[in-house]
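Subject: Structure handover

Hello,

Here is the structure you are taking over. Please open it first, then read my notes below.

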Amino acid sequence: MSPQEVTQEPAPTPRRSKITPERAQEFYAAVLDILRESGYEALTMEGVASRTRCGKSTLYRQWGSKPELVVAALHGTRQALLPYIDTGTLAGDLHEAARAIGAGSGRDTPLMHALGHAALQSPELLCALREALIAPALAAIDAMVRRGAERGEIRPDNPAAEFVSAQLLGVVRARPLVEGENADEAYLTRFVDHAILPSLGLSAPAQ
């Protein structure tokens, strides 16, 4: 074979540095903390590197860009807003959901606000936000309503049933904007008693 006919080997693809799962969780925690404290625009790869005491080149090699790192952090730290809840009644389930969501509102609401505008500009970021925080909670509340209908507590065709999850999760984001306060456990419990349950034709349980 002549020198001109020698097959050229493709250049090797640069390898990402190996990061342990534990170290990745440190990066993810730093990303979410900065988002809660300062918002998406203020989040920088340099800031994450400084907080986690690593070189920013490590972050760029592993994730490439800020949006990619944020998406990875959302997926890598996915925690359900709601535990599994089944008290045996729809009113009881919604009260427990209100308590669980309210207990985490100080942590989750700032994160959702920080990512809200940026997510509308990035389909990938919006998808990650929905998958990590929103969709699991929607599914859990919808399941509570469905079980209530199966038990005969509400009519299967109750027109208010489809809006329960949107009401309960929507007010969590709306209250800080409207009233300047998080939707805590007490507020969400009152909201369930006086807005959601009456729309379903149910009464609030006796205190």
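Confidence in this predicted model is lowest in H6, at a mean pLDDT of 82, and highest in helix H9 (residues 185-199), at 97. pLDDT is the predictor's confidence in each residue, from 0 to 100. Helices (H or I, at least four residues) and strands (E, at least two) are DSSP runs, numbered from the N terminus. The protein averages 87, and 90% of the residues score at least 70. Residues 1-15 stay under 50. For that stretch the model has one contact (heavy atoms within 4.5 Å) beyond four places in sequence.

Two notes on method. Residues are numbered from 1 along each chain as its sequence is written, and side-chain values use heavy atoms, with hydrogens and water left out. As the model is predicted, local features need pLDDT of at least 70 and side-chain atom pairs count only at pLDDT 80 or more, while totals for chains, interfaces and linings use all residues.

Now the helix packing. Two packed helices are described by the angle between their axes and the distance between the axes. Axes are lines fitted to C-alpha atoms, for helices over the stretch in contact, and angles run from 0 to 180 degrees between N-to-C directions.

H6 with H7. H6 (residues 105-121) and H7 (residues 123-150) pack at about 150°, with axes 7 Å apart. That makes H6 roughly antiparallel to H7 (over 145 degrees; under 35 is roughly parallel, 65 to 115 roughly perpendicular, the rest oblique). The crossing is left-handed (the near helix is turned anticlockwise from the far one by less than a right angle; clockwise is right-handed). H6 contributes residues including Asp108, Leu111 and Met112, which meet H7 residues including Pro123, Leu125 and Leu126. By class, the contact of H6 with H7 has 11 nonpolar, one polar and one charged residues (Ala, Val, Leu, Ile, Met, Phe, Trp, Tyr, Cys and Pro count as nonpolar, Asp, Glu, Lys and Arg as charged, and the others, Gly among them, as polar).

H7 with H8. The axes of H7 and H8 (residues 164-179) come within 8 Å and cross at roughly 135°. The two are therefore oblique to each other. Their crossing is right-handed. Among the residues in contact are Ile134 and Asp142 of H7 and Ser165 of H8. The contact of H7 with H8 divides into nine nonpolar, one polar and one charged.

H5 with H8. H5 (residues 90-103) packs on H8 at about 25°, with axes 11 Å apart. H5 and H8 are therefore roughly parallel. H5 passes H8 in a right-handed crossing. Leu94, Ala97 and Ile101 of H5 touch Val164, Leu168, Leu169 and Val172 of H8. That contact has seven nonpolar, no polar and no charged residues.

Best wishes
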